[in-house]
Amino acid sequence: MTTQPASTDRPPSVALAEAPTRQARNSAAFWTATGRARGHEIIRRPGFVAVDGDARAGLRVLIQEPTLDPRELAELGELVRRAAGPVNAEDPFNSTDLSHLGMRGWQMPVMLRPPGPVGQPALEVVRARRPEDLQAAERIVIEGFELTGFEPYHPGELFPTSLIEQPGVDVFVATCEGEPAGAGVSVVDDGVGSHYWIGTSPAFRSRGVGRAVMLGALAHLAHLPVTLTASKLGRPLYESLGYTAAAPSTWWASR
């Protein structure tokens with residue numbers, strides 16, 4: 001059984017060469033929604049979007065263009081230097097060097113999946129609508145991604161209740177043996193979907209939970225092109241679901 005496109009209209013098309021730009025825009029939409037939900041400052045410039053948070057959330061920078069002008073680079077440097085907490089930056093264009101700010105960088109591919117049918121997950125996957133589901137997803141992501149900056153755990157700090165009220169944002173939870181086992185976020189912006197925080201609880205790894213989360217999240221995106229940025233461990237799963245590597249991106253983090 002598969003999920004068919006929601007419309008008989010021709011589905012939108014995104015070329016591989018466009019994937020970095022579409023990922024940049026979608027990531028900015030996600031982190032802007034997260035910043036609004038957390039009450040953090042959002043800074044918009046033509047070349048980047050920054051969400052300036054507290055000592056635990058830190059600063060998130062989303063590069064939006066292949067080239068930043070000198071004023072933007074100077075402002076970005078100042079934001080990094082005065083950040084209250086850890087700094088993370090995403091550059092889907094693989095073109096902005098932030099090493100002079102004392103940050104370490106690594107590469108991951110931006111991937112693209114065209115519109116198409118989606119199989120059914122082998123596990124139950126639900127959209128988080130209840131506070132307990134959202135908190136279950138939050139705890140899975142904190143544990144699965146080893147987000148030690150969010151420990152000790154404060155409910156609603158990573159995924160505030162108002163996050164799922166933001167346009168285009170959905171949080172998913174997969175259940176295995178009656179327990180919350182996997183989680184992820186999907187975002188739709190300007191006709192393109194993307195995925196974030198696809199994680200599995202360590203107690204349920206290697207049991208198909210990540211695949212179930214992806215299939216559950218993709219079910220409502222089957223009629224859209226979808227991007228993501230893949231870790232080395234996640235890439236084989238994404239390729240098996242129809243994603244193709246489009247271009248390398250560079251991610252930066254404070255040391």
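Glu75 counts as partly exposed, at 24% relative accessibility; the term covers values between buried, under 20% relative accessible area, and exposed, over 50%, with a 1.4 Å probe and protein chains only. Before I continue, please note that this is a predicted model, in which local features need pLDDT of at least 70 and side-chain atom pairs count only at pLDDT 80 or more, while totals for chains, interfaces and linings use all residues. Residues are numbered from 1 along each chain as its sequence is written, and side-chain values use heavy atoms, with hydrogens and water left out.

To return to Glu75, its side chain meets that of Arg45 in a salt bridge (2.8 Å, N to O). By salt bridge I mean a side-chain nitrogen of Lys or Arg within 4 Å of a carboxyl oxygen of Asp or Glu. Glu75 lies in helix α2 (residues 70–81) and Arg45 in the loop between β2 and β3, so the pair ties together parts that are 30 residues apart in sequence. Helices (H or I, at least four residues) and strands (E, at least two) are DSSP runs, numbered from the N terminus. Arg45 is partly exposed as well, at 35% relative accessibility.

The structure holds 13 salt bridges. Another of them joins the side chains of Arg82 and Asp52, at 3.2 Å from N to O. Here the loop between α2 and β5, which contains Arg82, is tied to strand β3, which contains Asp52. Arg82 is partly exposed, with a relative accessible area of 44%, whereas Asp52 is buried at 12%.

Asp52 brings us to β3 itself. What is the state of its five residues, buried or exposed? Five of the five are buried. Phe48, Ala50 and Asp52 point one way from the strand, and Val49 and Val51 the other way.

On one side, β3 runs antiparallel to β2, with four bridges between them; two strands pair if DSSP finds at least two bridges between them. Glu41 stands opposite Asp52 in this pairing, and a hairpin of three residues connects the two strands. Five bridges also join β3 to β4, again antiparallel, and Val49 has Leu62 of β4 as its bridge partner. Leu62 also stands opposite Glu90 in β5, and β4 and β5 run parallel.

These strands belong to an open, mixed sheet of eleven, in the order β2-β3-β4-β5-β13-β6-β12-β11-β10-β9-β8. β2 (41–44) and β8 (124–127) stand at the edges with a single partner strand each, so one side of each has no neighbour in the sheet.

Of the 20 residues of α1, 16 are buried, so the helix is largely enclosed by the rest of the structure.

Finally, which residues touch the most other members of the largest nonpolar core? They are Phe159, Val171, Val185 and Trp197, in a core of 29 residues. Such a core is a set of buried Ala, Val, Leu, Ile, Met, Phe, Trp, Tyr and Cys residues joined through side-chain atoms within 4.5 Å. Among the elements that each supply at least two residues are α1, β3 and β11.
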